[in-house]
Amino acid sequence: MRMKLRKQVTVCGGAIFCVAVFSLYLMLDRVQHDPARRQNGGNFPRSQISVLQNRIEQLEQLLEENHQIISHIKDSVMELTDTGAVSPSGHLPFRSANGSWVLPFDGRPTFLAVKPQDCQFAVGSRGQTDLQMLDVYSLLKFDNPDGGVWKQGFEITYDPGEWDNEPLQVFVVPHSHNDPGWIKTFDKYFTDQTQHILNNMVVKLAEDPRRKFIWSEISFFSKWWESVDIHKQEAMRKLILGGQLEIVTGGWVMTDEANAHYFAMIDQLIEGHQWLERNLGVTPRSGWAIDPFGHSATMPYLLKRANMTSMLIQRVHYSIKKHFSSTRSLEFMWRQAWDPASSTDIFCHMMPFYSYDVPHTCGPDPKICCQFDFKRLPGGRVNCPWKVPPKAVVETNVAERAHLLLDQYRKKSKLFRSKVVLIPLGDDFRYDKTLEWDQQYINYQKLFDYMNSHPEMHVQAQFGTLTDYFNAVYKVNGVAQGSRPADYPVLSGDFFAYADREDHYWTGYFTSRPFYKSLDRVVESHLRGAEILYSLAVANARHAGMEGRYPVSDYALLVDARRSVGLFQHHDGITGTAKENVVTDYGTKLLRSLIGLKRVIINAAHFLVMKNKEFYRFYQTEPFLETVSRNCSPPFATRYLVLFNPVEQERLCVVTVLVNTVRVRVLTEDGQTLPVQLSAQWSSSSQMSAEATFMVRLPPLGLAVFHLYDAPDSPMTLRSDTLLRLSGRGVSAQAVDPLPVRSQQADPQTFYITSQSLTLGFSGTTGLLEVSVSEVKVQMQFVTYGTRPSKDKSGAYLFLPDGKAKPYNQKEPPVVRVVEGPLFSEVVAHYQHFQQTIRIHNVPGVDGLSVDITTMVDIRDQTNKELAMRLVTDIQNGDVFYTDLNGFQMQPRRHYMKLPLQANFYPMPSLAYIQDSHHRLTLHTAQALGVTSLENGQLEVIMDRRLMQDDNRGLGQGLKDNKKTANRFRLLLERRSTGNKMTDSGANSFPSLLSHMTSAILNHEVLALPVLPKKRGVPPLQTFAPFKSILPCDFHLLNLRSIQSQQDPHSPSPYVALILHRKGVDCGLEAQNLGFNCTTTQGQLSVSGLFRNLDLQLLQPMALTLMHSSPPLANDSTISLDPMEISAFKLKLR
C-alpha cells in the first residue's frame, strides 16, 4: 500500500488555506487559497531563495517565470500500513432525516462561566470628555473658505503688548524626517542620505552646546551605529546624554496608524526601545508622529503604557485643525474612550498648519516662513515656490528679519493656551550636507541672539528638543511632567479620515496593495507563534538541563523577523504607498523572515513533542519536522503529523490535508479513528485531485500529534458530494475516479448548504450568498468604482471615485461548485476577476458558528478600477457603523451626507460591524482593508485597486503591481439577548467573546508540521500542552517574547516578556456553545500556576516596552488586569 502525501496543509476555521506554504507561494503570484488552488509538481531549490534575497531587481520577473515552482511544493511518498484500529464508540457519521450530518465526535459538554462583573465594563458609565471626535464631526460644516495667507485657516491678530508681563518662549526644534523605504529602499536611503545626516550630526552638534536635534527612526539609527567606530558611537552617546540630541518615540519606525495591527505596533516599539536600552541606556519621553496619514487612538494608549509623558501629531483633516485652532484646543489630554477614569491620559500637541516642512511650521504665512528655511538660500537646489527667497542674516538686516520672524511666532502662539511656542525646523531627509547644518544653525543663532538681547521684543528664543518644549509648557502651567494643565481640554476619539486639501481624502491607502497587507498578517501570526514556542522550548530545555543541546541560536532568526515586520509597519510600507521596487524589497525581507520563523517553529516543536527528551538530537542539516513536505525515498510504516494551535484557548476545528489516495485513515495520539471527509482538490474550475478533512481538538498554544495511515476503505471516511452548476457551455469535469462529481444546468432557484449551526441560501443565477436563514437577509454583491475623468484622480493614497459604485457584471454566468459533506460544505463561484468561496464547518463551537469567506481577486487586466464586496442586509443600523482601530478597540462611525463619498471610508484592520436592537452582523478580516456603510443595512469593503496614475503626493507612480490576492473573512451574525437591547453608549462598543475568538481563529491558523520519516524510525512523540490551568477567556496572550541578552543582541537572556491584553467584552449578545470551557475571573490570573512543568523564578511588572520596571512580585502572586488594559511582565521560567 503506497500513499503519497503531496503536501500537508491545515486549516482551523479557515478556508482550505495553506499557511504552511502560503509564504512561499505568496511572493510568487500563485496565492490560491481556495480549493481550486494547487497544482502538482514543482520544487523550491535553495538557490531560488537566495535569488529572492539577493536579486531584488529581478524578483518580480522571476516570480512570474516561476509560476509553477511554488504551486506544489515537493511530493512526499509514504508507505502506510493499517493497524486495524476502529473508533471505540463504533458510531459512524450519518445523515439525519432533515439532511444534516450527525457526527460521533467529541460530545464533551463545554461551559461558559462569565462573571456578571466582567460584563459591567461594556455597559458602565464613562466620564464625559470635553472633546468627543464623533461630536466634533457632527458639529463641523467641512466647508473650505479661503482663509488668506493661511489658506485653510483664518487671519490671526494680536495686541503687541500681550507679552509684556510674560515673554514668549520659542523652541526651534531641528529634525530630519527619514522614511525607512518610500521612493528608495531602506538600504539605498541609508547609503545615499541617512548615514551622512548622522555623520554630520556628530560633528555639527558638538561645535556649539546650544545646538539641538531630534531623531525618531531606530531602524536607521541602529544601522548607522553598527557601521561606525567606537569613537563616533561615544561622541553620539555624549550628545544624547548631554541633552543635545533627543530620541523621540524611539520605535523601529514611525508606524502607520490605520492598517497596522496592535501586535506589530507594540513589537516595533519594543524592538526600538530594547535597542536603545542596550546601546544607549536612554528612555524616550515624547512621541513624534508627523507623517502617518491620520492618527489612531491606539497610539496614545501604547505611548502612555510605555511610560511616555507627551506626544505630537500632524496629519489631521484641515477642517479639524482649523476648528481646534479657533478654540485653542490644539493641545489636549488624549484619553481612551473606554477609560472610566483618567489613567490613559497623555498630553498631545497637534501641529496647526498644512505640513511639517519649514514653510508651514514657523507661523501661518508660508511665504514668510519659507524665507527662514536657510537650505533654500539662492544658489541651492531647493527654492521657495512663493518667489521670495531667504536672505542670509547679516548685521544690516538682522533687526528687520528678527521682527518679521517674531511676528509669525507670535501669531502661531495665539493658537495655543500658553506663552510657549514650538517651531519644528526640518523636512524629509534634511541635514545630509554640512553646508545645511551651517546655513540653518548659524543664521538662526544670529536671530536668537538679536531677539534675546532686545528686552523690548519680550521673547526668549533658542534651539530645543521636543521634550524641552513640553517641559517648558508644564513649567509655565505649574504642573508635573505629563500632567493636565488647568483648563486644558480632554479629548477622546481618533483622527480618520485625513484630508490635506479640498476633497482629497487619504482613504485609498486603507486597501492599496492588499497582497502585502495580507502577507504582513501571515508573518505576524508566524512571528507570535515562533516567539511563544521558542520561549517555551528554551525554558523546558533549561528545566531538563538540556539547553546546551537546544539550538538557542535560533534567536537570531527571531530578531531578523521582528525587524522585518517592524520595518514594514512604516507609514509607506503596510500602507502600500512606496515605489514598486521598494514594495518588492519589503516583500523579500518578509519572505526571508517567514522562512526563518518556520525553522524556529519546527525546531521548538521537535523538542517539545519528544516523549523522552533523552532521545532529542538537533541536526542543523536534517530537520525533524517540516512545514512543506519533501521527497522521502525509503518506505515507512506510518506518517505523523504535528498540529500547532497558536490560540491561547482550546480549539475544536477542522483540518485539511492533501492526499493522493482516498484510502486514508487518521488516528489521534491514543489510537482513536477520526471521521474524515474526502473531497476533491481543484486546480481549476473543473480539474481536481483529493484531500482529507478531519476534526481535531487542540490544546491551547499546544502541539498535538496525529497518525496518518493508508487503510482499506474505513467506515469513518466519507466522501463529499460535489455538484457543478454550469450554464450550458458544455464544460464537463475531469474527476479522480473515486470522487464523484455531478454537473447540472444552473437554474435561478435559490439553493442551500447547511450545518448544525447555519443554513445559507445562494442565488441560482450568481452563485453568491443571498439569504441567511436566521431571520436576517444577507445578500452578497460585488461593485466597482472608477476614478474621476479629469484633473485629480485616485492613486496609492487618495480615493477619488467617479461617483457611486456600479454593479460588477460579466457576460457569461459564473461556474458554481457546490460541495457538501459531514465536516464542511462550501459554494465556490468563479467570476472573471474574482472567485469567492463560502464555507461552513459542521463542528460545534467557534469554528462552526461563522461563515468562512475567501475571495481570490485578480484585477490585473483592469484600468482605474476598484473592486468592492458589499453586504446588503435588513439590519436597521441607520447611519452608524463600527470599525476597529488596529485590532485593539472599536470606534463608532457615522455616515455623513455632508461629506463626499470617499470621506466615509475607514480602516478595517480586523473587523467592522453594523447592528440594530435585535442583531449584530460582524465582518472579521485577516488583512487590513478600507470599509464603509453607505446605506442603512450595508457594509462594504474595497478588495483591491488598480490605478494608472500618480496622485501627486510625491510617490510618482500609480498602483500597477497588483497580484492575485486572497482576501479572507469570517462573517458572524449574532442575536441580542432579550432584555439586553443595545447598550452601546455613544462612544463605546465592544465585540462579544464569540467575536473575539472568531477573530483569533481567523488570524491564527493552525500550522501543520509533518514529521519527516526517519531511517531509524520515529521516536515516541506526545502532545505538548503548555498550560496547566486555563487562561481566562477574556485574556489574549499577545506575546511571550524572549528578552535579548545585554551582551549579545542576537542571543537571549534568561528572561521572557509576557504581554497580556484583557479584552473588553459585550455580554449582551446571545451566548453560543464556544466549544471550549470559557471562564472569566474579573481580570485575576496566577502566573505561577499557568505553565506546566516550569518553575517561575521571577514575576516583575514592566512598562509595555520593558524599559521601566516595578518591584518584583512574590512568585505566587495573582496579577490583575482591568478590561482593555495591556500589561507586560518580566518572567524567569525554568
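**Close-up 1. Asparagine 1093 sits in the loop between β49 (1084-1086) and β50 (1096-1102).** Strands here are DSSP runs of E with at least two residues, helices are runs of H or I with at least four residues, and both are numbered from the N terminus. This is a predicted model, where local features need pLDDT of at least 70, side-chain atom pairs count only at pLDDT 80 or more, and totals for chains, interfaces and linings use all residues. Residues are numbered from 1 along each chain as its sequence is written, and side-chain values use heavy atoms, with hydrogens and water left out. Asparagine 1093 isn't a glycine, yet its phi is positive, at about 65°. Its relative accessibility is 52%, so asparagine 1093 counts as exposed (exposed is over 50% relative accessible area, buried under 20%, partly exposed in between, with a 1.4 Å probe and protein chains only).

**Close-up 2. Leucine 1106 lies in the loop between β50 and β51 (1118-1120).** Here's another non-glycine residue with positive phi, near 70°. Leucine 1106 counts as buried because its relative accessibility is 4%.

**Close-up 3. Phenylalanine 496 and alanine 497 are joined by a cis peptide bond.** Omega is near -5° for this bond. Look for alanine 497 in the loop between β16 (490-492) and α16 (514-543).

**Close-up 4. Six strands make an open sheet with mixed pairing.** Reading across, the order is β6-β16-β12-β13-β11-β10. β6 (131-132) and β10 (286-289) are the edge strands, each pairing on one side only. Two strands pair if DSSP finds at least two bridges between them.

**Close-up 5. Strands β12 (residues 331-334) and β13 (residues 346-350) run antiparallel.** Four bridges join them. Methionine 333 has phenylalanine 347 in β13 as its bridge partner.
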